[in-house]
Amino acid sequence: MSLNRSEKEVVISSVTDLAAKAQTLVMAEYRGITVADMTNLREKARSSGVKLSVLKNTLARRAVAGSSFEVVSDMMTGPLIYSFSEDAVAAARVVADFAKTNANLVIRGGVYGGKALDIDGVKQLASIPSKEVLLAQLLGLMQSPISRTARVLSALVVQRSVGATKEVAAA
């Protein structure tokens with residue numbers, strides 16, 4: 001079904017808004033995916049805060065023109081699904097995890113930080129732990145010296161109290 005000019009402008013402006021808020025774009029070819037699988041992918045994406053769009057490539061190119069995602073406009077060919085996310089790794093993780101279980105979804109590339117990513121780059125981005133996990137790891141690293149000091153001081157107190165008890169028993 002063909003879109004008229006005003007409908008195309010609406011699509012372009014909505015995708016431009018998505019691109020303005022997003023940190024990451026991942027593109028994947030969806031040829032051969034069943035409707036049920038696509039629905040499953042959309043549910044996973046929605047729960048992760050990822051916006052999936054099947055767009056005409058010319059409209060997608062116009063929408064990302066002038067943004068950090070313009071670097072992959074030459075890769076926008078064929079039947080593609082565009083995944084935008086505000087979280088740096090969410091789009092890559094959702095698409096890469098789905099591609100592991102569905103051979104019909106083929107990752108074509110992506111963009112993060114204004115730099116084009118190839119298939120391996122998208123997979124590496126997907127393997128980065130989530131923000132919450134990274135914060136927990138950082139907190140663990142920050143607490144480690146303090147907890148070690150507390151354990152040493154506690155052991156010293158126990159050792160001294162055992163030594164004092166032996167002195168009292170000997171007297």
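## Strand pairing and the sheet

In this predicted model, valine 111 has alanine 116 of strand 5 as its bridge partner. Strand 4 and strand 5 run antiparallel and are joined by 3 bridges.

The open sheet comprises 5 strands in the order 2-3-1-4-5, with antiparallel pairing. Strand 2 and strand 5 (115–117) are the edge strands, each pairing on one side only. On average, and with direction ignored, neighbouring strands of this sheet are turned by 20 degrees against each other. Helix 2 packs on the sheet, where it touches strand 2 and strand 3; the direction of helix 2 makes about 145 degrees with that of strand 2.

## Helix 4

Helix 4 spans residues 90–101, a run of 12 residues. From first to last C-alpha, helix 4 reaches 17 Å, close to the 16 Å expected at 1.5 Å a residue.

The buried residues of helix 4 are Ala90, Ala91, Ala92, Val94, Val95, Ala96 and Phe98. These buried residues pack against strand 1 (24–29), strand 2 (50–54), strand 3 (80–85) and strand 4 (106–112), as well as against helix 2 (35–48) and helix 5 (119–126).

## Valine 15

Valine 15 is located in helix 1, which covers residues 5–21. Because its relative accessibility is 4%, valine 15 counts as buried.

Leaving aside neighbours within four places in sequence, valine 15 is in contact with Leu55, Ala63 and Phe84. Valine 15 and tyrosine 82 are 67 residues apart in sequence, and their C-alpha atoms are 9.8 Å apart in space.

Terms used. Residues numbered from 1 in each chain as written. Predicted model: local features only at pLDDT ≥ 70, side-chain atom pairs only at ≥ 80, totals over all residues. Heavy atoms only, no water. Helix = DSSP H or I, 4+ residues; strand = E, 2+ residues; numbered from the N terminus. Expected span 1.5 Å × (residues − 1). Buried < 20%, exposed > 50% of the residue type's maximum accessible area, 1.4 Å probe, protein only. Contact = heavy atoms within 4.5 Å. Pairing = 2+ DSSP bridges. Axes fitted to C-alpha atoms, helices over the stretch in contact; angles between N-to-C directions.
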